[in-house]
Amino acid sequence: MFSKFTSILQHAVEALAPSLPLQEDFVYHWKAITHYYIETSDDKAPVTDTNIPSHLEQMLDILVQEENERESGETGPCMEYLLHHKILETLYTLGKADVSS
């Protein structure tokens, strides 16, 4: 119940907040995901009951938007951040650990 309330509250704040540059928005969503795992390591709630799917979807939307705004062959700052910080590898590790437990 509490997670649903926080999800609704977070979406309301995001809707009212001024729009950030794409990279800042991308980093915000990534930090929200990592913060969840740092703060709730003992919680066994299904991922679908958290804000993680929403944050991942926002990150994907940002990458698609960035790609559409760039010239062919250019790598944008969000994609550079994703690659430099090994986000895909981290998501794989978190998902694998979540399935194993």
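**View 1. Left-handed crossing of helix 2 and helix 3 in the predicted model**. Helix 2 (residues 22–39) passes helix 3 (residues 52–69) in a left-handed crossing. The two axes come within 9 Å and cross at roughly 155°. Because angles over 145 degrees count as roughly antiparallel, helix 2 and helix 3 are therefore roughly antiparallel to each other.

**View 2. Residues at the contact of helix 2 with helix 3**.

**View 3. The largest nonpolar core**. Eleven residues form this core: Phe 26, Val 27, Trp 30, Ile 33, Met 59, Ile 62, Leu 63, Cys 78, Tyr 81, Leu 82 and Ile 87. Helix 2, helix 3 and helix 4 (77–84) are the elements that give two or more residues to the core, and helix 2 gives the most, with four. Leaving aside neighbours within four places in sequence, Leu 82 is in contact with Phe 26, Leu 63, Ile 87 and Leu 88.

View 4. Cys 78 is buried, with a relative accessible area of 0%. Not counting residues up to four places away in sequence, Cys 78 touches Leu 22, Gln 23, Phe 26, Ile 62, Leu 63 and Glu 66. The C-alpha atoms of Cys 78 and Glu 24 are separated by 8.6 Å, although these residues are 54 residues apart along the chain.

Key: Residues are numbered from 1 along each chain as its sequence is written. This is a predicted model: local features need pLDDT of at least 70, side-chain atom pairs count only at pLDDT 80 or more; totals for chains, interfaces and linings use all residues. Side-chain values use heavy atoms; hydrogens and water are left out. Axes are lines fitted to C-alpha atoms, for helices over the stretch in contact, and angles run from 0 to 180 degrees between N-to-C directions. Angles under 35 degrees count as roughly parallel, over 145 as roughly antiparallel, 65 to 115 as roughly perpendicular and the rest as oblique. A crossing is left-handed if the near helix is turned anticlockwise from the far one by less than a right angle, and right-handed if clockwise. Contact means heavy atoms within 4.5 Å. A nonpolar core is a set of buried Ala, Val, Leu, Ile, Met, Phe, Trp, Tyr and Cys residues joined through side-chain atoms within 4.5 Å. Buried means under 20% relative accessible area, exposed over 50%, partly exposed in between (1.4 Å probe, protein chains only).
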